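Colleague: I would like to go through the labels on this model one by one. For each label, please show me the value and the cut-off behind it.

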Amino acid sequence: RGSLVHARQRRRSKMPPKAPESKAAKAAKAMAGGKKKSKKWSKGKMKEKASNQVLFEQSTYDKLLAEVPKYKMITISILCDRLRVTCSLARKGIAILLAKGLIKPLVLHSSQHIYTSVAEKEA
């Protein structure tokens with residue numbers, strides 16, 4: 001019985017029918033409403049692209065021979081960061097220092113090579 005009452009109330013609370021509009025009025029309504037702008041996604045923080053050297057300049061090469069053997073810990077990433085060279089060039093620089101006997105390996109793992117100064121260990 002309760003559902004019958006609700007159905008009657010629903011019938012009574014109907015809105016009156018809308019007055020018919022002309023085609024011109026409908027077209028004017030459609031043109032008046034602006035299109036909603038789509039949401040702009042934030043780009044996020046972009047990391048600056050490092051412009052590292054791909055060949056040794058004379059100044060960089062001199063710095064490699066003079067300063068790098070004095071570092072306590074020498075890795076490819078440290079050379080990239082401090083000398084502003086690419087990783088492949090840092091590997092070549094380490095090979096040069098090894099050949100000259102200025103540094104020696106501490107850890108030669110497959111993913112990370114760590115070197116140290118020769119003079120620092122002897123002292």
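Colleague: Why is Phe56 called partly exposed?

Modeller: This is a predicted model, and the values are computed from it. Phe56 has a relative accessibility of 24%. Buried means under 20% and exposed means over 50%. The value for Phe56 falls in between, so Phe56 counts as partly exposed.

Colleague: And what makes Tyr61 partly exposed?

Modeller: The reasoning follows the 20% and 50% limits again. Tyr61 is at 23% relative accessibility, so partly exposed is the label.

Colleague: Why is the pair Phe56 and Tyr61 called edge-to-face?

Modeller: Take the distance, then the angle. Rings pair if their centres lie within 6.5 Å. The centres of Phe56 and Tyr61 are 5.9 Å apart, so the two rings pair. Planes over 60 degrees apart count as edge-to-face. The planes here stand at 65°, so the pair is edge-to-face.

Colleague: How many aromatic pairs does the rule give?

Modeller: The count is one aromatic pair.

Colleague: How do you know that Arg82 sits over the ring of Tyr71?

Modeller: The charged end of Arg82 is 4.4 Å from the centre of the Tyr71 ring. The distance limit is 6 Å. There is also an angle limit, 35 degrees from the ring normal. Arg82 is listed as sitting over the ring of Tyr71.

Colleague: Let us turn to the strands. Why is Ser117 called buried?

Modeller: Ser117 has 5% relative accessibility. Buried means under 20%, so Ser117 is buried. Ser117 lies in strand β2, residues 113-117.

Colleague: Now the nonpolar core. Which residues touch the most other members of the largest core?

Modeller: Val68, Ile74, Leu79 and Ile94 do, in a core of 16 residues. The elements that give two or more residues to this core are α4 (76-83) and α5 (87-100). The largest share, five residues, comes from α4.

Colleague: Which residues of α4 are buried, and what covers them?

Modeller: The buried residues are Ile76, Ile78, Leu79, Cys80 and Leu83. Their cover includes α3 (58-66) and α5. Look at Leu79. Beyond its neighbours within four places in sequence, Leu79 is in contact with Leu64, Val68, Tyr71, Ile74, Arg84, Val85, Ala90 and Ile94.

Colleague: What makes Arg84 worth a look?

Modeller: Arg84 has a positive phi of about 60° although it is not a glycine. Arg84 is found in the loop between α4 and α5, just after α4.

Colleague: Why is Arg84 called partly exposed?

Modeller: Its relative accessible area is 46%. Exposed means over 50% and buried means under 20%, so Arg84 is partly exposed.

Colleague: Why does Leu65 get the label partly exposed?

Modeller: Leu65 is at 26% relative accessibility, against limits of 20% and 50%, so partly exposed is the result. Leu65 is found in helix α3. Setting aside neighbours within four places in sequence, Leu65 is in contact with Ile96, Leu97, Lys100 and Leu102.

Colleague: How far apart are Leu65 and Ile94?

Modeller: They are 29 residues apart in sequence and 9.9 Å apart in space, C-alpha to C-alpha.

Colleague: Finish with the whole chain. How many helices and strands are there, and in what order?

Modeller: There are six helices and two strands. From the N terminus, the order is α-α-α-α-α-β-β-α. Of the 123 residues, 19% are buried. Among contacts between residues at least 6 apart in sequence, 47% join residues at least 24 apart.

How values were computed:
Residues numbered from 1 in each chain as written. Predicted model: local features only at pLDDT ≥ 70, side-chain atom pairs only at ≥ 80, totals over all residues. Heavy atoms only, no water. Helix = DSSP H or I, 4+ residues; strand = E, 2+ residues; numbered from the N terminus. Buried < 20%, exposed > 50% of the residue type's maximum accessible area, 1.4 Å probe, protein only. Core = buried A, V, L, I, M, F, W, Y, C linked by side-chain atoms within 4.5 Å. Contact = heavy atoms within 4.5 Å. Phe/Tyr/Trp six-rings, centres within 6.5 Å; stacked < 30°, edge-to-face > 60°.
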